[in-house]
Amino acid sequence: MRILLSRAGRTLPAAVAVLAALTALPVAAATAAVAAPVSRAAAADEAPYIVTVHKDIDPARVAGMVGASPDYVYSTALHGFSARLSPGQVMALHVIPGVESVQEDGGVSSFDTAD
């Protein structure tokens with residue numbers, strides 16, 4: 001499922017609700033004791049996304065703000081990360097200042113039209 005939201009189309013109450021949820025994430029993460037890294041399987045509602053952020057922002061930090069584990073962090077051709085994201089994480093990324101784009105990753109194919 002692809003969710004595209006324009007900056008003008010977002011409402012203040014939705015942004016406040018998302019930001020309130022985000023502020024609770026670090027507290028919950030800090031109180032959970034984890035002895036070793038845990039690999040997690042992607043949930044059924046998660047899809048791969050590529051997120052680009054402003055060049056002055058740490059992409060891994062942005063991923064952490066929404067509870068995402070980046071598969072890759074990019075810094076050369078683009079500045080951002082790729083990760084499997086839930087619809088809620090995608091909506092949360094759209095309201096974080098400095099996030100430039102959130103695009104669902106998909107396959108690319110080329111069709112030979114020269115005959």
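**View 1. S86 sits in the loop that links β3 to α3.** Helices (DSSP H or I runs of at least four residues) and strands (DSSP E runs of at least two) are numbered from the N terminus. This is a predicted model, in which local features need pLDDT of at least 70 and side-chain atom pairs count only at pLDDT 80 or more, while totals for chains, interfaces and linings use all residues. Residues are numbered from 1 along each chain as its sequence is written, and side-chain values use heavy atoms, leaving out hydrogens and water. Is S86 buried or exposed? With a relative accessible area of 16%, S86 is buried (buried is under 20% relative accessible area, exposed over 50% and partly exposed in between, using a 1.4 Å probe and protein chains only). Once residues up to four places away in sequence are set aside, S86 touches D45 and E46 (contact means heavy atoms within 4.5 Å).

**View 2. Four strands make an open sheet in the order β2-β3-β1-β4, with antiparallel pairing.** Two strands count as paired if DSSP finds at least two bridges between them. At the edges are β2 (72-74) and β4, each pairing on one side only. From one strand to the next, the twist averages 25° (axes are lines fitted to C-alpha atoms, for helices over the stretch in contact, and angles between N-to-C directions run from 0 to 180 degrees).

**View 3. β3 pairs with β2 and with β1.** A hairpin of 5 connecting residues leads from β2 to β3, and 3 bridges hold this antiparallel pair. Look for Y72, whose bridge partner in β3 is S82. Between β1 and β3 there are 6 bridges, again in the antiparallel sense, and here A47 stands opposite L85 of β3. Because 5 of the 6 residues of β3 are buried, this strand is largely enclosed by the rest of the structure.

**View 4. T52 belongs to strand β1.** T52 is buried, with a relative accessible area of 15%. Which residues does T52 contact beyond its neighbours within four places in sequence? They are L78, H79, G80, G98, V99, E100 and S101. T52 and S82 are 30 residues apart along the chain, yet their C-alpha atoms are separated by 8.7 Å.

**View 5. The largest nonpolar core contains 17 residues.** Such a core is a set of buried Ala, Val, Leu, Ile, Met, Phe, Trp, Tyr and Cys residues joined through side-chain atoms within 4.5 Å. V51, F81, L85, L93, V99 and V102 have the most contacts inside this core. Two or more residues come from each of β1 (47-53), α2 (59-65), β3 (80-85), α3 (87-94) and β4 (99-104), and β1 gives the most, with 4 residues. Leaving out neighbours within four places in sequence, V102 is in contact with Y49, I50, V51, V90, L93 and H94. α3 lies across β1, β3 and β4, running at about 150° to β3.
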